[in-house]
Amino acid sequence: MSPASLSRRQQGLLMTGGGALIISPDALLIKMIGLPDAEILAWRGLFTALGFIAIVLARHGRGALAAYRRCGGTGLGVALLFSLSTFGFVLGNQYTRGGNVLMILAGAPLIAALLSRFFLQERLPRRTWLAIAACLVGISLIALDDAGVGSWLGNGFALLAATALAANFTLCRTRPGVDMSPMLTLSGLIVAVSAGLYGLMGPGLALPSGQSLLWLVVLCLVLLPLGFTLIQRGPLYLPAAEVGLLMLLEVVVGTLWVWWLLAERPTPLAFAGGALVLGSLLAKGLVELHLERRLRARGAVQQESC
């Protein structure tokens, strides 16, 4: 099946889901790199900015500057919100338990749905609300054994990450047909400069050596730019809430990466939660595929009768 034969919705599902799978080794590789927060943020921002620039040049060639200009003021907002979500995720993990961060981030699709309903008057079908509820339960099960009272500061950073991510996708929907992914370049630079200045005020910044440097380059120069470019294009095809919903694939598959390569075995509850998330997304996708086929068949019958 060629991409041209897919509906816009199917293209959006494939693009966003594929992007989430590409970035799924993020947590694993961060553990393997082993840099302090300020350093990993600084180098992550710089390398991802270079990766985003390379993708924009490869896609648009001489029209790269025009691609940036088309984003306009909305693109600046997208870059700022994406930067805030990056800071919130990293700092949330610094100040509270990972389980707390996961449970709060699982609320991003719900936040996006509420923002889209309030600001864009987008209505979501009942199956999407059911999938959001099921995924919230699933992610909660994954995080349950790691969750505690935690720090209010860390929980606040995690909430900032979830809200900024949801607002980013919602903001993209205000400019239908405009690809905002080039502005992720600016987001990378914002993160790099902010974290770099903070690091320079302390002990300074240092690149890792050997294999750690290789993992840093693979993650930040290749995987994150490619994956997030696909995800950021998702709102061109799907409601913001559904883009956030598909990003939960990263949590489930990322947990499996860590289990497989670092022998951090998930608990039975985590397995059950991951199965619930994947099963919910699969069931939702199959129902929507069935509905699309019925609509196409009905349209074909109507054309024949004319």
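## Overall fold

Followed along its sequence, the chain of this predicted model shows the pattern α-α-α-α-α-α-α-α-α-α-α-α-α, and its secondary structure amounts to 13 helices and 0 strands. The chain has a radius of gyration of 20 Å, close to the 19 Å given by the globule rule for 306 residues, and it is therefore as compact as a globular protein of that length.

## Dimensions, burial and contacts

Taken along the principal axes, the box filled by the C-alpha atoms of the chain is roughly 75 × 50 × 35 Å. Of the 306 residues in the chain, 48% are buried. Among the contacts in the chain with a separation of 6 or more, 88% are accounted for by residues 24 or more positions apart.

## Packing of α3 and α4

Helix α3, which covers residues 37–60, packs with helix α4, which covers residues 64–95, at an angle of about 155 degrees, and their axes are 13 Å apart. Because angles over 145 degrees count as roughly antiparallel, α3 and α4 are roughly antiparallel to each other, and their crossing is right-handed.

On the side of α3, the residues that make this contact are D37, L41, R44, I53, V56, L57 and H60, while α4 contributes A64, A67, Y68, R70, T86, F87, V90 and Q94. Sorted by class, the contact between α3 and α4 comprises 9 nonpolar, 3 polar and 3 charged residues.

Methods. Residues numbered from 1 in each chain as written. Predicted model: local features only at pLDDT ≥ 70, side-chain atom pairs only at ≥ 80, totals over all residues. Heavy atoms only, no water. Axes fitted to C-alpha atoms, helices over the stretch in contact; angles between N-to-C directions. Helix = DSSP H or I, 4+ residues; strand = E, 2+ residues; numbered from the N terminus. Parallel < 35°, antiparallel > 145°, perpendicular 65-115°, else oblique. Left-handed = near helix turned anticlockwise from the far one by under 90°. Contact = heavy atoms within 4.5 Å. Nonpolar A, V, L, I, M, F, W, Y, C, P; charged D, E, K, R; others polar. Rg over C-alpha atoms; globule rule 2.2 N^0.38 Å. Buried < 20%, exposed > 50% of the residue type's maximum accessible area, 1.4 Å probe, protein only.
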